[in-house]
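Here is a short report on how one protein chain is put together. Keep the sequence and the structure in view as you read.

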Amino acid sequence: MNPAVQPQSSNPVSSGAAAMPPAPASRPRDAMTLKLEMGRERIRAILAADGGMTLYGAHLLPHAAVWLPAVLGTGIRMLEIAHDSLYLARNPPRVSVVSGGRYDSMRYSQTIPVTELAERIRQLRVALEDVFLNVVAPGTYNQPGAPRFTDDSAFALSQAGADGLHVHLSSLDELAEVVDVAHRNGLLVEAYVHRFTAESDPFSYMGIAAESPDDVRRAVASMESIGVDRIGLMFSADPKFYGREGTSDSLPDAVRERVRALTDAATVPTSVEGQVTPRSARELRELGVNVLTLGRVFDIAIENAIADVVRAFDIRRPSTTAPA
């Protein structure tokens with residue numbers, strides 16, 4: 001397990017006259033610095049309550065808002081709201097999620113205004129209480145034509161009640177810019193390490209490129225040096241099929257070594273995304289992973305539950321007449 005960053009403490013020195021005030025660097029500089037520390041403390045509390053590893057629910061909000069009491073009743077305390085989910089609410093996918101239906105949103109969801117995303121966060125935040133709420137926004141992951149993530153965008157999301165950003169960028173320079181903008185506005189940053197497969201493959205750009213375990217260690221060091229607050233590893237070279245039924249319960253050796261490199265090198269909390277199963281989760285806990293990012297598995301469960309209910313209540317009589 002990787003401990004979260006500890007808050008700074010101030011110890012003013014007294015003299016015979018009036019006590020000197022704490023040095024500015026040893027106390028919260030402003031409300032946004034305080035908000036960052038509150039976010040880190042929220043993550044520490046969640047990990048402590050769950051024994052060092054917790055679940056992160058992606059793809060649930062805003063669609064599952066009507067079932068939010070049941071979602072929170074499971075004990076999950078890290079959730080995500082993403083601009084691609086808002087896009088899909090307006091533009092349903094052409095194929096089922098099991099077949100990669102969310103891929104449509106990867107190409108077009110950058111058109112969702114940040115103001116709309118902030119408004120949905122504001123509507124949900126009051127019911128989320130002690131939940132850590134992460135956001136995927138236009139400009140926080142690689143999409144053709146995505147706008148730049150600005151201070152105005154970060155402030156709107158932070159003020160609405162977001163705690164952090166879920167980021168998929170492949171350029172360390174671009175990631176550093178997003179981290180600076182996010183931290184100035186009280187948002188923590190989670191970013192990913194990923195395999196680069198081909199220049200024409202959009203999924204190659206979902207994280208800082210790192211093929212071997214040594215590459216992962218170097219990427220982690222670089223990401224920590226620019227202030228990334230949580231570092232994750234993506235399993236699959238094709239996230240379109242994350243969480244598909246039939247995924248192996250055993251971690252491939254190459255994945256296991258990359259995960260071990262991540263947890264050995266990181267001093268911030270760590271996460272994994274893609275093709276995690278209940279059985280592989282046990283091995284990931286042993287490897288020291290702190291957060292399991294689950295998204296597509298919820299999509300598939302909802303699709304299957306709807307199909308099961310319809311099948312159970314299908315009382316249509318079979319046709320007794322042959323077609324003409």
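## Strand S2 and its partners

Leu-79 has Leu-133 in S3 as its bridge partner. Strand S3 covers residues 132–136, runs parallel to S2 and is joined to S2 by 5 bridges. Strands count as paired if DSSP finds at least two bridges between them. Strands (E, at least two residues) and helices (H or I, at least four) are DSSP runs, numbered from the N terminus.

S2 also pairs with S1: 2 bridges join them, and the two run parallel. Here Leu-61 stands opposite Ile-81 in S2. S1, helix H2 (residues 68–73) and S2 form a right-handed β-α-β unit. Right-handed means that, with the strands pointing away from the viewer, the path from the first strand over the helix to the second runs clockwise.

Is strand S2 covered or open? Strand S2 (residues 78–82) is mostly covered, with 5 of its 5 residues buried. Buried means under 20% relative accessible area, exposed over 50%, and partly exposed in between (1.4 Å probe, protein chains only). Met-78, Glu-80 and Ala-82 point one way from S2, while Leu-79 and Ile-81 point the other way.

## About the model

This is a predicted model, in which local features need pLDDT of at least 70 and side-chain atom pairs count only at pLDDT 80 or more, while totals for chains, interfaces and linings use all residues. Residues are numbered from 1 along each chain as its sequence is written, and side-chain values use heavy atoms, with hydrogens and water left out.

The protein chain has 11 helices and 9 strands. Of its 324 residues, 48% are buried. Contact means heavy atoms within 4.5 Å. Among contacts with a separation of 6 or more, 73% are between residues 24 or more positions apart.

## Two nonpolar cores

A nonpolar core is a set of buried Ala, Val, Leu, Ile, Met, Phe, Trp, Tyr and Cys residues joined through side-chain atoms within 4.5 Å. The largest one has 67 residues, and Leu-79, Leu-157 and Leu-284 touch the most other members. Helix H5 (residues 114–128) gives the most to this core, with 6 residues. A second, separate core has 10 residues, including Ile-46, Leu-47, Phe-132 and Val-291.

Which residues does Leu-157 contact? Leaving aside neighbours within four places in sequence, its contacts include Val-114, Leu-117, Ala-118 and Ile-121. Val-135, Phe-149 and Leu-187 are also among them.

## Helix H11

Helix H11 (residues 296–312) has 17 residues. From first C-alpha to last, H11 reaches 24 Å, close to the 24 Å expected at 1.5 Å a residue. The expected span is 1.5 Å times one less than the number of residues.

The buried residues of H11 are Arg-296, Asp-299 and Ile-300. Seen down the axis of H11, they fall within an arc of 95°, so they line one face of the helix. The arc is that of the directions from the helix axis to the C-beta atoms. An α-helix has 3.6 residues a turn, so residues three or four places apart point the same way. The cover over the buried residues of H11 includes strand S1 (54–61) and strand S9 (291–294).

## Two buried residues

Gln-110 sits in the loop between helix H4 (103–108) and H5. Gln-110 counts as buried because its relative accessibility is 15%.

Ala-281 lies in helix H10 (residues 278–286). Its relative accessible area is 13%, so Ala-281 is buried.
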